[in-house]
Protein chains: 2
Amino acid sequence: MNLHGKQILGYKLSKQGTSHFQAYNPANGTSIDPLFYEASKDEVAKAFDLAEAAVLPYGEISRTDRAKFLETIADEILALDDDLIHRATQETGLPAGRITGERGRTMNQLKLFADVVRKGDFLEISIDTAKPNRTPFPKPDIRMINMPIGPVAIFGASNFPLAFSVAGGDTASALAAGCPVVVKAHPAHPSTSVLVGSAIRTAAEKTGLPEGVFSMLQGIGLHVGQEMVKNRFAKAVAFTGSLKGGKALFDLAAAREEPIPCFAEMGSTNPVFLLPERLSDDAASIASQYVDSVNLGVGQFCTNPGIVIGIKSKALDEFVEKAKEKLNQSTGGTMLHKGIKSNYDGKLKEISDQKGISVIASGAGQGACVGRAHLLKTDGGTFSANEILQEEIFGPASIIVECKDSAEMLRTANSFKGNLTATLQATSADLQNTKPLIRILERKVGRLIVNGFPTGLEVCYSMMHGGPFPATTDSRFTSVGTGAIKRFLRPVSFQNFPQDALVEELKNENNMGVWRIWDGELSTGSIIDS
Amino acid sequence: MNLHGKQILGYKLSKQGTSHFQAYNPANGTSIDPLFYEASKDEVAKAFDLAEAAVLPYGEISRTDRAKFLETIADEILALDDDLIHRATQETGLPAGRITGERGRTMNQLKLFADVVRKGDFLEISIDTAKPNRTPFPKPDIRMINMPIGPVAIFGASNFPLAFSVAGGDTASALAAGCPVVVKAHPAHPSTSVLVGSAIRTAAEKTGLPEGVFSMLQGIGLHVGQEMVKNRFAKAVAFTGSLKGGKALFDLAAAREEPIPCFAEMGSTNPVFLLPERLSDDAASIASQYVDSVNLGVGQFCTNPGIVIGIKSKALDEFVEKAKEKLNQSTGGTMLHKGIKSNYDGKLKEISDQKGISVIASGAGQGACVGRAHLLKTDGGTFSANEILQEEIFGPASIIVECKDSAEMLRTANSFKGNLTATLQATSADLQNTKPLIRILERKVGRLIVNGFPTGLEVCYSMMHGGPFPATTDSRFTSVGTGAIKRFLRPVSFQNFPQDALVEELKNENNMGVWRIWDGELSTGSIIDS
């Protein structure tokens with residue numbers, strides 16, 4: 001495998017820029033070869049020129065071929081074998097087991113979207129048949145189908161070097177929608193990105209696709225991403241990362257002459273509410289699962305449980321003691337890169353320095369990139385009054401908020417801005433007693449969990465991984481699960497088209513058996529001329 | 001009927017402001033009583049405070065009751081009887097027949113959304129059942145359902161005083177989604193708006209809804225609308241009107257601390273392509289229908305056919321001659337108000353003054369507010385080189401673009417920005433011969449029409465009334481037809497919730513028989529625990 005430091009522009013490699021950077025091994029503090037060259041303005045433009053040229057030919061291949069492309073990407077990623085596991089481990093400090101698991105998830109995502117493409121529900125076809133004798137005006141024949149929005153600019157995330165990166169959920173869903181993709185590799189794992197990007201390119205070649213269907217650019221500064229979002233052929237943006245980064249891209253996308261949608265998933269504090277009956281039933285066990293969830297992946301998940309809210313009680317005291325005890329035994333872990341580690345330390349200090357909050361436990365851990373676990377504590381009044389306490393600490397830290405009573409717990413819930421998730425540790429009786437809390441949280445988050453923890457994200461049909469701002473820039477869309485494809489589709493209606501000018505899925509005979517809304521009712525049937 | 005000039009704030013009336021305006025009768029140039037007071041900042045805030053307070057109670061009523069509310073609004077509008085027809089006619093210059101027809105459409109829209117609400121497809125429910133024995137991790141139970149996004153700020157349009165105004169498609173779809181609504185009445189028909197707004201209020205009272213479900217504000221300057229979009233409780237904006245107005249609201253919505261989606265439908269030139277075989281078959285008849293479509297509603301439709309593109313030929317000459325002849329006989333009509341008439345004259349002059357374009361026909365018409373029909377002509381090269389020629393002339397004017405050959409017609413098609421519609425006058429053979437043109441247009445518009453004209457918008461399940469910028473600010477959504485409800489919904493997932501804590505539609509027994517995606521497959525069945 002040729003681990004080059006160049007841009008992948010369709011089927012060619014390109015190296016025009018002079019500014020360069022290297023990957024960094026957070027486990028031992030060394031730089032990793034080769035040099036990666038930042039994409040030039042011309043290279044960004046070239047990637048989108050190719051993508052634009054690929055829109056029509058890629059849009060015209062059959063759904064079967066599109067599904068095959070996605071599956072071939074999965075095969076090619078698997079074929080990278082130990083090269084991939086080794087590089088990704090080196091560049092991220094994540095253990096090989098985690099990378100292997102994440103590779104499986106990445107492949108499963110691609111295969112799930114292949115299923116979605118084959119099934120065709122995502123076309124959301126609706127057919128209103130003509131009523132030529134209707135008065136006062138005849139009703140025309142109108143048929144609507146979802147079509148790809150156009151080239152998508154995708155930004156790889158640092159914390160999932162495979163599943164949210166070059167061939168991650170954003171790329172899989174955009175390609176499934178029929179959109180060519182231009183990915184900006186995350187500079188924290190550029191070699192991993194080259195390996196995966198090359199796998200996608202190989203899959204495109206093997207399945208005979210136009211080269212512009214995929215390009216990948218390297219860059220460590222802001223300008224490559226900015227050029228991507230500003231490119232006139234870009235029709236949507238997908239990003240997973242920080243609030244600052246996501247909001248900047250959103251603003252850029254909205255300020256274009258032609259504004260385009262920008263789907264930025266920007267993290268979350270994922271509040272966990274401990275309800276009285278459940279807490280008194282099981283304080284120790286919940287505390288133990290909580291600390292495990294905080295420490296998972298060294299806390300580098302957007303679903304990390306950053307805030308836990310309970311009501312002052314003996315059971316809460318027991319929960320706090322048990323959590324402190326377990327967290328004090330945490331051994332820490334290597335974080336993804338220097339920047340993340342220093343941001344973690346900085347944010348932790350900023351939050352700890354706020355009035356009325358204290359660090360009540362901290363784990364062990366040494367080394368330039370090792371994140372040490374921390375537990376903080378405050379009260380409901382302090383929390384609700386200080387918005388800074390709602391800011392995400394990206395790493396293994398969490399705040400316990402002690403409320404005076406259930407009214408203060410409700411006020412605390414009300415004070416939350418948008419989040420990806422909220423969790424209720426609750427018995428059935430707790431849930432019945434706390435409907436107002438559930439109603440508040442439904443408006444604040446994309447996913448509500450009972451008696452689990454928010455980490456561990458199921459990639460499925462019913463997953464909503466998104467939420468009101470600042471969790472994401474558009475609360476109406478998910479970036480995980482099959483619904484992610486909806487971000488990249490736009491409906492087009494065809495009025496009074498003759499049968500032979502319609503695509504197969506819109507013709508009367510529903511030869512492909514897709515679900516269609518036929519005069520308002522879902523059906524897989526064929527339409528018989530009457 | 002008390003034709004007051006106050007704000008409707010829930011169940012109360014309010015008059016805090018001092019600045020006021022009057023409606024204007026464009027047919028005779030007189031002002032119409034009463035005085036309308038512009039909403040103050042406080043009144044805008046109060047409307048949204050009420051709307052926010054209504055979110056949870058309105059969200060909790062049954063779908064049956066929500067449907068009943070929509071139907072009651074339709075009944076109450078009908079009950080306004082001649083008062084409504086009379087006032088709307090006075091304020092808009094539109095004939096009583098048109099207003100009566102539009103009232104029917106408005107009522108039908110409300111009833112269609114009542115059907116949508118009862119049916120429940122819009123909930124887009126998806127249920128992934130648990131797999132407790134899956135390895136390496138058990139699969140949780142996850143159930144997703146669409147929920148209302150929150151209060152919606154809606155701007156009434158001038159050109160449909162009923163169907164796109166206070167109780168128009170935006171209001172009907174937002175209320176159907178479960179969202180409280182704050183409408184800014186269009187200052188061109190404030191009395192009509194008071195009548196319709198009062199009908200909605202009465203319907204809310206009769207069906208026992210929280211008052212904040214609907215408020216209506218008056219304003220003639222920009223500040224009322226700006227305050228609405230900036231209000232922190234507003235979660236979406238819907239607008240139909242000019243590019244300038246829509247883009248300003250979009251920018252304001254995107255610049256908020258919490259950005260919110262803004263759906264602005266901003267008009268279009270709706271190109272009509274005359275393909276050779278069809279044109280030579282039927283030039284005279286197409287020309288006649290074309291001029292009728294240009295003149296319909298004095299050209300004040302966003303679907304007005306503003307540009308016609310043909311290939312130099314005898315048939316095109318015949319088409320042009322026939323169109324000129326018919327248009328020269330046009331008698332003109334009263335436009336909606338002084339501003340629209342003066343904008344029409346100004347834009348017409350600006351376009352006519354461009355190099356390489358000439359006025360080839362004009363109709364009769366006299367009076368301060370009478371719009372005279374105009375036909376202009378240019379060639380393909382001139383058209384493609386000058387973006388100003390693509391700007392909408394809101395009124396009864398249209399440009400014929402003569403192309404040298406089919407290649408120039410394709411280049412002309414390629415030069416178009418986003419539009420609501422494109423029309424192909426084409427035989428089956430034409431359509432087969434011109435697939436590249438269709439492929440280009442699919443990317444540029446929301447609706448493609450064969451052998452009709454774009455005016456006459458069917459309100460149905462398959463209607464896409466939207467398109468790429470600058471036709472709208474989000475090409476993925478329609479403002480007409482049942483799909484309009486999707487703008488105001490956001491999915492929420494419920495993970496591992498016990499049955500008795502789920503809403504009825506998410507429970508295993510599908511007592512309401514709604515369509516749900518069950519482990520990836522559409523079904524109306526009930527889920528049996530296994």
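This text goes through a predicted model of two chains, from the overall fold to the contact between the copies and then to single residues.

Chain A contains 15 helices and 23 strands. Its radius of gyration is 25 Å, close to the 24 Å that the globule rule gives for 530 residues, so chain A is as compact as a globular protein of that length. Along the principal axes, the C-alpha atoms of chain A fill a box of roughly 75 × 65 × 40 Å. Of the 530 residues of chain A, 60% count as buried. Among contacts in chain A with a separation of 6 or more, 75% come from residues 24 or more positions apart.

In soluble globular proteins, nonpolar side chains tend to be buried together. In this model the largest nonpolar core has 339 residues. The residues with the most contacts inside that core are Leu70(A), Val237(A), Leu70(B) and Val237(B). Setting aside neighbours within four places in sequence, Leu70(B) is in contact with Leu110(B), Phe113(B), Ala114(B), Val117(B), Ala172(B), Leu175(B) and Ala176(B).

Next comes the relation between the copies.

The contact between the chains takes 60 residues from chain B and 60 residues from chain A. On the side of chain B that touches chain A, the elements giving two or more residues are β5 (125-128), β6 (142-148), α8 (243-255), α14 (428-433), α15 (435-444), β20 (445-450) and β21 (489-495) of chain B. Of these, β21(B) gives the most, with seven residues. By residue class, this side of chain B divides into 31 nonpolar, 16 polar and 13 charged residues. Of the interface residues of chain B, 100% are also interface residues in chain A, so the copies meet through the same surface.

Strand pairing crosses this contact. Strand β21 (residues 489-495) of chain A is joined to β20(B) by three bridges, and the two strands run parallel. Here Gln495(A) stands opposite Ile449(B) in β20(B). There is also a pairing of strand β20 (residues 445-450) of chain A with β21(B), parallel and with three bridges. In that pair, Arg447(A) stands opposite Ser493(B) in β21(B). Within chain B, β6(B) and β21(B) pair in the antiparallel sense over seven bridges, and Asn146(B) stands opposite Pro491(B).

How do the residues of β21(B) sit in the structure? In a regular strand the side chains alternate between the two faces of the sheet. Leu489(B), Pro491(B), Ser493(B) and Gln495(B) point one way from β21(B), while Arg490(B), Val492(B) and Phe494(B) point the other way. Seven of the seven residues of β21(B) are buried, so the strand is largely enclosed by the rest of the structure.

Away from the strands, Leu275(B) has its place in the loop between β12 (272-274) and α9 (276-295) of chain B. Leu275(B) is buried, because 24 other C-beta atoms lie within 10 Å and the cut-off is 20 or more. Not counting residues up to four places away in sequence, Leu275(B) touches Leu424(B), Gln425(B), Ala426(B), Asp430(B) and Thr434(B). The C-alpha atoms of Leu275(B) and Met409(B) are separated by 9.6 Å, with the two residues 134 places apart along the chain.

The last topic is backbone geometry. Most residues other than glycine have a negative phi, and most peptide bonds are trans. The peptide bond from Asp33(B) to Pro34(B) is cis, with omega near -5°, and Pro34(B) lies in strand β4 (residues 30-37) of chain B. The bond from Phe469(B) to Pro470(B) is also cis, with omega near 10°; Pro470(B) is in the loop between β20 and β21 of chain B.

Positive phi values occur at Val298(A), near 50°, and at Asn451(A), near 55°. Val298(A) is in the loop between α9 (276-295) and β13 (307-311) of chain A and is buried, with 29 other C-beta atoms within 10 Å. Asn451(A) is in the loop between β20 and β21 of chain A, and counts as buried with 21 C-beta neighbours inside 10 Å.

Methods. Residues are numbered from 1 along each chain as its sequence is written. Chains are lettered from A and ligands numbered from 1 in the order in which they are written. This is a predicted model: local features need pLDDT of at least 70, side-chain atom pairs count only at pLDDT 80 or more; totals for chains, interfaces and linings use all residues. Two residues are in contact if their C-beta atoms, placed from the backbone, lie within 7 Å. Helices (H or I, at least four residues) and strands (E, at least two) are DSSP runs, numbered from the N terminus. A residue is buried if 20 or more other C-beta atoms lie within 10 Å of its own, exposed if 12 or fewer, and partly exposed in between; C-beta atoms are placed from the backbone. Ala, Val, Leu, Ile, Met, Phe, Trp, Tyr, Cys and Pro count as nonpolar, Asp, Glu, Lys and Arg as charged, and the others, Gly among them, as polar. Two strands pair if DSSP finds at least two bridges between them. A nonpolar core is a set of buried Ala, Val, Leu, Ile, Met, Phe, Trp, Tyr and Cys residues joined through C-beta atoms within 7 Å. The radius of gyration is taken over C-alpha atoms; the globule rule is 2.2 Å times the number of residues to the power 0.38.
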